[in-house]
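Biologist: Please put the model up. I would like to go through its helix packing and its ligand site.

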Amino acid sequence: MSETHQPENPGHGADSAPTTETQYAPPPGTEVHVYDGIVEHDNFLPRWWLGIIYGTIAFSIGYYGYYELGGGPSLREEYAVAMKQLDAAKAAAGSGAADGSASGSGSGSASGLGGDEEAVLVAWASSTDHVNQGKVVYDAKCAVCHGKAGEGGIGPNLTDDFWLHGAKHAQIAATIRNGVNDKGMPPWGAVLSNDEFKSTVVFVRSLHGTNPPNAKGPQGEKAAF
Ligand code: HEC
């Protein structure tokens, strides 16, 4: 520490800023080892550093005691518990949606309506408010591909008797929920709220037989309604 570093000093070549006395001044009398101009000091370890090492030691004792000796759950057991919770949550979400309009908040996702989907949707279709809500969603998200009046475009005509994936409410719901990925129909189940989803299905279904101008030719089978 008594000498000034030379920039060309071998062993310090990579260190472009030379160390000076003003940057670091160790307490006098703590040198324990000097070799080739390098001075080693016996400094106290910083408290934060000691805190970390003693903390990890204390943690490892508690961890080992709980998981290895004290019968704490294994990773497999924790996984099994988490999967049970997931199943319970899924079951709860399914039955919550099954009561349809009664849940009313519209906050749930449309992952599944539960129960008799066809009946839930047919009941939903009886309200013009729902059909109108569906039109709002349709205009914003579907008309680009299916045409403003459902006459078809990139996607098929939604007004005629011919359907690729079925024209029953529940079949339309399944197509809209899951999409047809490799044919360019996006999945909407995770995008729309439960209410929006049901309304969109019943609006699409209400387009049947409307005979809009410039309708796209038939695709798929003559469907049962
Ligand atoms: C990016 C374009 C695109 C958008 C946006 C789109 N669709 Fe589609 N849709 C398609 C295509 C393409 C198909 C045909 C899939 C196939 O060939 O199997 C399709 C098929 C369908 C079908 C099945 C038709 C049948 O004949 O069985 C329904 C129902 C449908 N879409 C409803 C919707 C609704 C509702 C929305 C909006 C929430 C929507 N689509 C948004 C492209 C789109």
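Biologist: How is H3 oriented relative to H7?

Modeller: This is a predicted model. Helix H3 spans residues 117–125 and helix H7 residues 194–206. Their axes lie 9 Å apart and cross at about 75°. Angles of 65 to 115 degrees count as roughly perpendicular, so H3 is to H7 roughly perpendicular.

Biologist: How many charged residues are in the contact of H3 with H7?

Modeller: H3 brings Leu121, Trp124 and Ala125. H7 brings Lys198, Val201, Val202 and Arg205. By class, five are nonpolar and none polar, and the charged residues number two.

Biologist: How is H3 oriented relative to H6?

Modeller: The axes of H3 and H6 are 8 Å apart. Their angle is about 100°. The band for this class runs from 65 to 115 degrees, so H3 and H6 are roughly perpendicular.

Biologist: Which residues of H6 make the contact with H3?

Modeller: On the H3 side, the contact uses Glu117, Glu118, Leu121 and Val122. By class, the contact has four nonpolar, one polar and two charged residues. From H6 come His169, Ala170 and Ala173.

Biologist: Which helices each supply at least two residues of the shell around the ligand?

Modeller: By class, the shell has 16 nonpolar, eight polar and two charged residues. The helices that each supply at least two are H4 (128–141), H5 (143–146), H6 (169–178) and H7.

Biologist: Which residues come nearest to the ligand?

Modeller: There are 26 residues around the ligand. Those that come nearest are Cys142, Cys145, Gly155, Lys183 and Met185.

Terms used. Residues numbered from 1 in each chain as written. Predicted model: local features only at pLDDT ≥ 70, side-chain atom pairs only at ≥ 80, totals over all residues. Axes fitted to C-alpha atoms, helices over the stretch in contact; angles between N-to-C directions. Helix = DSSP H or I, 4+ residues; strand = E, 2+ residues; numbered from the N terminus. Parallel < 35°, antiparallel > 145°, perpendicular 65-115°, else oblique. Contact = placed C-beta atoms within 7 Å. Nonpolar A, V, L, I, M, F, W, Y, C, P; charged D, E, K, R; others polar. Near = placed C-beta within 6 Å.
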